[in-house]
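Welcome! Take a moment to look over the model below, and then we will walk through it together.

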Amino acid sequence: MSSSVTCTSLSFAWSDGTPVLEDLDVAFGPGRTGLVGVNGSGKSTLLKLIAGELAPADGTVRVAGEVGHLPQNVTLDTSLRVDETLGIAARRAALHAIEAGDASEEHFETLGDDWDVEERALATLGELGLGHIDLDRTIGEVSGGESVLLRLAALLLGRPDVLLLDEPTNNLDLYARRRLYSAVASWPGVLIVVSHDRELLDLVDQIADLRSGGITWYGGNFSAYEEALAVEQDAAERMVRVAESDFRKQKRELVDAQVKLAHRRRYGQKMYDQKREPKIVMQARRRSAQESAGKHRILHEERLTEAKERLDEAVEAVRDDDEIRVDLPYTAVPPGRTVLTLLDLELAYGARVAGGLDLRGPERIALIGRNGAGKTTLLRTIAGELEPVSGEATAQVPLRFLPQRLDVLDDELTVAENVARFAPAATNNRVRARLARFLFRGARADQKAATLSGGERFRAALAALMLAEPAPQLLMLDEPTNNLDMASVRQLTTALESYEGALIVASHDLPFLESIGVTRWLLLDGELRTITPEEVEHLV
């Protein structure tokens, strides 16, 4: 029997009653499926339901085969050894005991037929670019990106029939992403991947678009999906124009009909008043006119209602991925003004900035480098969260730092309350008016931070920092596109286009970095140095 996933009448809601999925029917068969949709549509929730990590409120999930799940945020016990993380520690220990001459039956039972367990593990690590990691090392000794790949290696070694990947390229450097792409391209079973990574989504066989509680299927990869969607949207926009025209026509016809009927009523009343015909004839004519008027009015009102329904349906078919609008005049930095100075800086984990490096004016810096190179450490040092081993990092303007973890938000507070913490002098109306520009309108501003999706949480954290007082003239972002859908990445790009201060962005997402108008590329590889855009391309 081939592997498959079948969800029938599937429903799920959060503990506060907020619905996520309602009466969803969907089936996934062999092949690679890209699951897309706006943030908050329920993509991660659906994967967790399939993996059995969440229980549905209603409906069923049936999986034919074993399931492996790589969650969006991989958290591993730092004290675990690599072989424990890979799930092979017991078999490896049994193998070593047998090789050392211990022929106890329990060792043979533990090992089973998996005599090449160690070779397979090392080969899998090598395929993912982790050949340098010893099986006896602890997780605390590897970088965040390496821990993601180790979790993936554990899944590959387990050979699940169904593989679920939720934003697997988060925290992966350019080299590690290439390894992941190869693993995905060669996957033989059922694979469902949620990602904002275009290159990864271009490796899938089909796209499942989760929107408004239902799934629409598109054959081909993400590029083919975008082309099909563009055709659909053109047709939908044409339908809106047709429906608008028909709606206006029906409104005019209703008004015209009402005017004609008013004329008839006035004429009939005039005839009645002048008593030019017998009373019984005039009363019959009046009743007939009233009935006719009523029928005409009902007919035109029904036509207008139908036209309005057609217009509403046409508008509903047009996607409205709102853009974040930012108007922050106090963030502007004059050209040439020194914003940040790094002088003979040595970081806590070995990386360094030899000599001096200045950031001037509204520069846009892309900070790139391999996982574990020290990019986050550098940003945290600049932000004052870490002390350097030696040297200085001095900011001459107000700065804000948005970390990967988005822990600037208090989960117990609402979005509006979180923003108010950073701008205590702002009135509630001012906070809400500015939050609306970040797409938190009305009741959305009263959502608890703990209930937000990954993309919504990022947007709330970005709003809190960019609306802070004093306004940040240096903004530092660490892997900002992690957990964002395509629409949210576009929204972030638009927001940063409006930002007039200096910007430092650590990211492995080259298309995103290129879209925000980077003026200087800095590579951290032991030492921090400036490289050209051509050199960046050769790093891939």
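Does R457 count as buried or exposed, and at what relative accessibility? With a relative accessibility of 17%, R457 counts as buried, because the cut-off for that class is under 20%. Please keep in mind that this is a predicted model.

## The chain as a whole

Let us step back for the overall picture. The protein chain has 540 residues, and 46% of them are buried. Its secondary structure consists of 17 helices and 18 strands.

The accessible surface of the chain is about 26300 Å², and carbon and sulfur atoms supply 49% of that area. Contacts tell us about the fold too: among those with a separation of 6 or more, 71% are between residues 24 or more positions apart.

## R457 and its partner

Now back to the residue we began with. R457 makes a salt bridge with D411, and their closest N and O atoms are 2.8 Å apart. You can find R457 in helix α14, which covers residues 454–466, while D411 sits in the loop between β14 (399–402) and α12 (415–422). The two are 46 residues apart in sequence, so their pairing ties together separate parts of the chain.

## Other charged pairs

Side chains of opposite charge can pair when their charged atoms come close. In this model the count of salt bridges is 18.

One of them joins R198 and E226, with 2.8 Å from N to O. This pair links distant parts of the chain, as R198 belongs to helix α8 (residues 198–201) and E226 to helix α9 (residues 222–274), 28 residues apart. R198 is partly exposed, at a relative accessible area of 34%, and E226 is also partly exposed, at 29%.

Another salt bridge is formed by R120 and D114, whose closest N and O atoms are 3.0 Å apart. Here both R120 and D114 are buried.

Terms used:
Residues are numbered from 1 along each chain as its sequence is written. This is a predicted model: local features need pLDDT of at least 70, side-chain atom pairs count only at pLDDT 80 or more; totals for chains, interfaces and linings use all residues. Side-chain values use heavy atoms; hydrogens and water are left out. Helices (H or I, at least four residues) and strands (E, at least two) are DSSP runs, numbered from the N terminus. Buried means under 20% relative accessible area, exposed over 50%, partly exposed in between (1.4 Å probe, protein chains only). Contact means heavy atoms within 4.5 Å. Accessible areas come from the Shrake-Rupley method with a 1.4 Å probe; for residues, only the protein chains shown count as cover. A salt bridge is a side-chain nitrogen of Lys or Arg within 4 Å of a carboxyl oxygen of Asp or Glu.
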